[in-house]
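Subject: Structure for you to look at

Hello,

I am passing a structure on to you.

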Amino acid sequence: MLMLVLVAATMGLCPLVRAQPLCRARTVRTGKVFNVVREVDGDVLYFPSTTPRVIKHPCQKNVAVYLGRQVFFTTDNFESSLLPLTIPTSMQVGVPTVTSAHFIGPSLLLVVNRKVYIYNYENDSWEVPIGIRHPVSHISGDHCCYVGNTFCVRMSFSIFAYLHGEPVSQAHIYKSTTGGRRFKKYTYVGQADLVGSLGGIFHFYGLSQIGLLIIDRQKGTFKYSHHPLNRSLGLAFDYNETLDVLVIPGHRGLLILWSDKSLLYSHNSGQLVDSIPVKRGEQILHRSVSRANITIHTIAFNENELAVLTKEDRLYYGSLRLLSSSIIKFADQPIWSPGAAMMFLNPGMLEILTPLPDPASQAFDFQKCLLNIQKLLMDPQLQVDKCKIEYLDGNFVDKMYTIDMHSKLEFSATLITRLGTSPIPLVMVSNPHSLGLQASMSENGNTLDGTILYLLEIYLKQQQHWGRTDPNFTSSLRRATVSTLTVDIANKEMSCVDIKPLSTLISVGCDLEKKIVVQNKISACSKGVLDPTVLQDNYTYIIKKEFYDLSFQGRPSTEDLVVYYPYHRLGCPRLVYYDTPWRPVVELWKEGHFQEVIQAEYVLREVSGVFTYSYSLTAKEARCVSQPQNWTSIIQETEGPFWDRENYVSCHDSENSAPLRWPEVQYQILGGRTQNSIIFDQRNGIYIFFLSIVDPYYSYCHLQTTFSIYVHGAYPLLILPPGLTIAMLVASILLSVWLAYMVPKVLHTEKGHRIKRFGAGLCWRCKRLCTCHWPRSPKLAPEEKRKPPGNRLAPWEASANL
């Protein structure tokens, strides 16, 4: 009897128990206590769609913009009353309708009346980008938030502007790599042959592709820009009304396509697009939103979560997984209003935001309603299983890594699950065409309560170097790409709100820590050939006009060139003997540590155009199968001396179609498979060389450096031909020998005596002529004075009397 009474009492109390509200509203009202007058200045912007939304800055969590009947910009997550955002009247925008918004750094890009404007919120200024000459309606781009990474900055600063619905073959697409300051016309490969209208163009960095959404006959498909995905289109999906395409942050290839009657999802950058089902527990209630007979009012998302608010006062929530996604419905509550929008403040913390006009002020207040998703998921009626994952962490989270050519990465992750459960780890890369992986899991001990601790080890390197994929599947090895590594649990429950997937961005490209150095073991200063103090004192040297050509064509110039030697940058020149074939020893360094001596192919160019050197091999001797490139052909093709890994084509490549027409031409590539060297002409002096690694399969970096050498040991050039010089030398030797034999013999003859007398007389006359300039001789003795002059004989007369 007592039991029946208790049951009856319990049943009687059930109707009195009211469901807990999803959230409790509060109103944000600031800056109005002291009646400070705040007035709107300029043209008030507005969003013409009936579905308001909040766009958050992906890298600055408190910066956001609300798009609705008014546009509001905030730097504190709408924690203060705000005036509607206006654009200066001087910009003359006409009808101030906003159709697209995108954050880049400290700027907000807005499409207002089919034109792009930039609002710099740090200095509260507006500007108009240059380069766009046709109407546009949308801006698309992606974000990278790793601080201090130049590659990451380039990703964020690259955006597209386009007009939605324009015939795709004639669409005017603009691209900017300067954060929207300057645009250039962009033509998609094969765009003129495409059929349909333009639904959007997007940077899919996680797949290293540019995706073009094409709409044709109420079907949508994505087309991709690079091999191997450029050979076919993605799987077609229904496109019955205009869909907004949202690129989920994180570069994992996750997309959401939505309208008021449709909600689609892709986990591989649009290759497969499917509807998001509505579930209760593990039971599927509706295969798609359209079958649920609801009208979507607005949505909110972050890297791993999705929230949907409908006009029927229903709130749906789901987790964005790598393989599939679904949503569940929370209890019905009156939370919808025409101006309501949503945003995630943190994982598992959702806020519903509604602007409230104030009759006494032009500044709007905000009604905010905060939902704790983790708490709501504990409702038994939702039939959501309890999370079985207790811990998931790795040594690679929130970092960006680089895999250069022929390098690899090794990561590890730790996993702890509830006692008695078996996890199914899921390790994926967003771009398997360029990045391959190998993973293994093992037990690595136990926790204090006996739970097994699992260790997940991951090995990554380029897919082409694993040797287990078809070339038709892999991307071009020469092209730098990007991929995202994600570690998650395949059977993870929706209630694991705080257990986020582990993710990191990996650049399969240039390692910026690498640099090349030319070895300098013997310098001209260490051998005393040059003085370093002289080189440091603004040293200059002269290149004769017949030895240089600034156009790098090997033609003599019209005047000598004075060159300043930059000692602070080049140091003391390396010492090279002119008569010995030479090539530099190039070293690879990384983060200040020596790595290896580079054996890859490289080229040299004297920066002042000095051409007094040649190469030891010809194209034939280098065993080229096609005509090799040289500086002359490169300058003609690129309109400048720009020879690097991007435009280098090996003459040993069988796919090179250029025939070998001139086999005797000099082979101007050093390193690699040949022993090609530099041979200097007979000229001493300083050479400043620019060196560039051109082998595209050595590194994705443009490895370049500048160094100097001093060539010595060359004697001055001979004025006479060597043959004539040798003949004259031999003739002079023979003449000397003949004279040494003949002169003594002739002097013993009568003719020889006459020659001697003539020589003696000639000497006496010269002596008397010289005495005219000498001081007067001492006075003669009296005896000598008294001798008649006729008694004094000339030297040659005395010798004759003998």
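The largest nonpolar core has 44 residues, and those touching the most other members are Trp582, Phe680, Phe689, Leu691, Ile693 and Ile709. Strand S49, residues 685-693, gives this core its largest share, six residues. There is also a second, separate core of 29 residues, with Leu194, Leu198, Leu207 and Tyr224 among them. Please keep in mind that this is a predicted model. As background, nonpolar side chains in soluble globular proteins tend to be buried together.

Leaving aside residues up to four places away in sequence, Phe680 touches Val576, Tyr578, Trp582, Thr612, Tyr613, Tyr687, Phe689, Ile709 and Val711.

Thr674 sits in the loop that runs between helix H7 (631-638) and strand S48 (678-680). Its relative accessibility is 7%, and because buried means under 20%, Thr674 counts as buried. Among the residues that Thr674 touches, not counting those up to four places away in sequence, are Arg583, Leu617 and His652. Ala622, Tyr667 and Ile669 are also touched by Thr674.

Ser475 is in the loop between helix H4 (463-466) and strand S38 (481-489). With a relative accessible area of 6%, Ser475 is buried. Apart from residues up to four places away in sequence, Ser475 has contacts with His227, Pro228, His433, Ser434, Gln464 and Thr481.

Now the protein as a whole. It contains 11 helices and 50 strands. The radius of gyration is 44 Å, well over the 28 Å that the globule rule gives for 802 residues, so the protein is more spread out than a compact globule. The C-alpha trace spans about 185 × 65 × 60 Å along the principal axes.

How much of the protein counts as buried? The figure is 46% of the 802 residues. The protein exposes about 42,800 Å², of which carbon and sulfur atoms supply 55%.

Contacts between residues at least 6 apart in sequence were also counted, and 62% of them join residues at least 24 apart. As for charge, the protein carries 78 positive and 68 negative side chains, and the centres of these two sets are 10 Å apart.

Regards

Notes. Residues numbered from 1 in each chain as written. Predicted model: local features only at pLDDT ≥ 70, side-chain atom pairs only at ≥ 80, totals over all residues. Heavy atoms only, no water. Helix = DSSP H or I, 4+ residues; strand = E, 2+ residues; numbered from the N terminus. Rg over C-alpha atoms; globule rule 2.2 N^0.38 Å. Buried < 20%, exposed > 50% of the residue type's maximum accessible area, 1.4 Å probe, protein only. Contact = heavy atoms within 4.5 Å. Areas by Shrake-Rupley, 256 points an atom, 1.4 Å probe, with all protein chains shown as cover. Lys, Arg positive; Asp, Glu negative; His and termini not counted. Charge placed at Lys NZ, Arg CZ, Asp CG, Glu CD. Core = buried A, V, L, I, M, F, W, Y, C linked by side-chain atoms within 4.5 Å.
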